[in-house]
Amino acid sequence: MEVGAGNGLNFPHYPVGVTEVLAVEPEDRLRELAGKAARRAAVPVTVVPGTAEALPAPDGAFDAAVVSLVLCTVRDVPAALAELRRVLRPGGELRFFEHGAADTPGLARVQRGLDRTVWPLLFGGCHTSRVPPAEIEEAGFVLGPYRSFDVPEGGPRLPSSPCVLGTARR
Ligand SMILES: C[S@@+](CC[C@H](N)C(=O)[O-])C[C@H]1O[C@@H](n2cnc3c(N)ncnc32)[C@H](O)[C@@H]1O
């Protein structure tokens, strides 16, 4: 399952060993684009409406779930992660690529200020100061290896630059 699939940018990256992807996307326009991307994908992808906080899938139905730049935007992070945990089978894997809080006090302070003011209004509900690895662990996942880096790497450090890429297990 991929949650918050957007326009389906990730679909070409699913390897052929993947037998089926259920892609959940709440926005009508993005879901339409994701539908087109699904038709070009090398693996079967079904795009459906829904939100992370109420996933349209039964308990334990998936081997793996993907979130890519989504936990910054969901309305309720604990509810979204509880849902992701629910739809994964025991031992199933959450794969995440998210931006979050900076590890430097100056930028972290700026991020908190932006999140209280203009950033969510300007960027579709996005927040910059969330802490995905800690939130994933608090939701009951066993955090696997992850790495932290900036996007753009070596470029200007923006409020959305600090990123994490990794896995966690149910
Ligand atoms: C920055 S985009 C990322 C899109 C895609 N995952 C990617 O990596 O290109 C954030 C996505 O999260 C979706 N989104 C926002 N709130 C959501 C929610 N509550 N549940 C699921 N998806 C949500 C948006 O519609 C959008 O597609």
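Helices (H or I, at least four residues) and strands (E, at least two) are DSSP runs, numbered from the N terminus. This is a predicted model, in which local features need pLDDT of at least 70 and side-chain atom pairs count only at pLDDT 80 or more, while totals for chains, interfaces and linings use all residues. Residues are numbered from 1 along each chain as its sequence is written, and side-chain values use heavy atoms, with hydrogens and water left out.

- Met-1 is in contact (heavy atoms within 4.5 Å) with Leu-22, Val-24, Leu-55, Ala-57, Phe-62, Ala-64, Ala-65, Val-66 and Val-87, once its neighbours within four places in sequence are left aside.

- Leu-84, found in helix H2, counts as buried at 1% relative accessibility, and its contacts, leaving aside neighbours within four places in sequence, are Val-3, Leu-55, Ala-65, Val-67, Leu-94 and Phe-141.
- The C-alpha atoms of Leu-84 and Ile-136 are separated by 10 Å, although these residues are 52 residues apart along the chain.
- At the start of H2, a side-chain oxygen of Asp-76 reaches to within 3.0 Å of the backbone nitrogen of Ala-79, a polar contact (a pair of N or O atoms within 3.5 Å; within protein, one must be able to donate a hydrogen and the other to accept it, and residues adjacent in sequence count only if both atoms are side-chain atoms).

- Glu-83 has its place in helix H2 and is buried, with a relative accessible area of 13%.
- The side chain of Glu-83 reaches the backbone nitrogen of Leu-55 at 2.6 Å, and Glu-83 touches Ala-52, Glu-53, Ala-54 and Leu-55, not counting residues up to four places away in sequence.
- Arg-31 lies in helix H1 (residues 28-40) and counts as buried at 19% relative accessibility.
- The side chain of Arg-31 reaches the backbone oxygen of Glu-25 at 3.0 Å, and Arg-31 touches Gly-6, Glu-25, Pro-26, Val-47, Val-48 and Pro-49, not counting residues up to four places away in sequence.

**Ring geometry**

- Rings of Phe, Tyr and Trp (its six-membered ring) pair if their centres lie within 6.5 Å, with planes under 30 degrees apart counted as stacked, over 60 as edge-to-face and the rest as tilted, and by this rule the count comes to 3 aromatic pairs.
- One of them, formed by Phe-96 and Tyr-146, is tilted, at 6.4 Å centre to centre and 50 degrees between the planes, and it links distant parts of the chain, with Phe-96 in strand S5 and Tyr-146 in strand S6 (residues 142-150), 50 residues apart.
- Phe-96 is buried, with a relative accessible area of 2%, whereas Tyr-146 is partly exposed, with a relative accessible area of 38%.
- The rings of Trp-119 and Phe-123 have their centres 4.4 Å apart and their planes at 45 degrees, so this pair is also tilted.
- The charged end of Arg-147 sits over the ring of Phe-149, 4.6 Å from its centre, where the rule asks for NZ of Lys or CZ of Arg within 6 Å of the ring centre and within 35 degrees of the ring normal.

**Backbone**

- The peptide bond from Val-151 to Pro-152 is cis, with omega near 0 degrees, and Pro-152 has its place in the loop between S6 and S7.
- Leu-69, in the loop between S4 and H2, has phi near 60 degrees, a positive value in a residue other than glycine, and is partly exposed, with a relative accessible area of 40%.

Notes
Buried means under 20% relative accessible area, exposed over 50%, partly exposed in between (1.4 Å probe, protein chains only).
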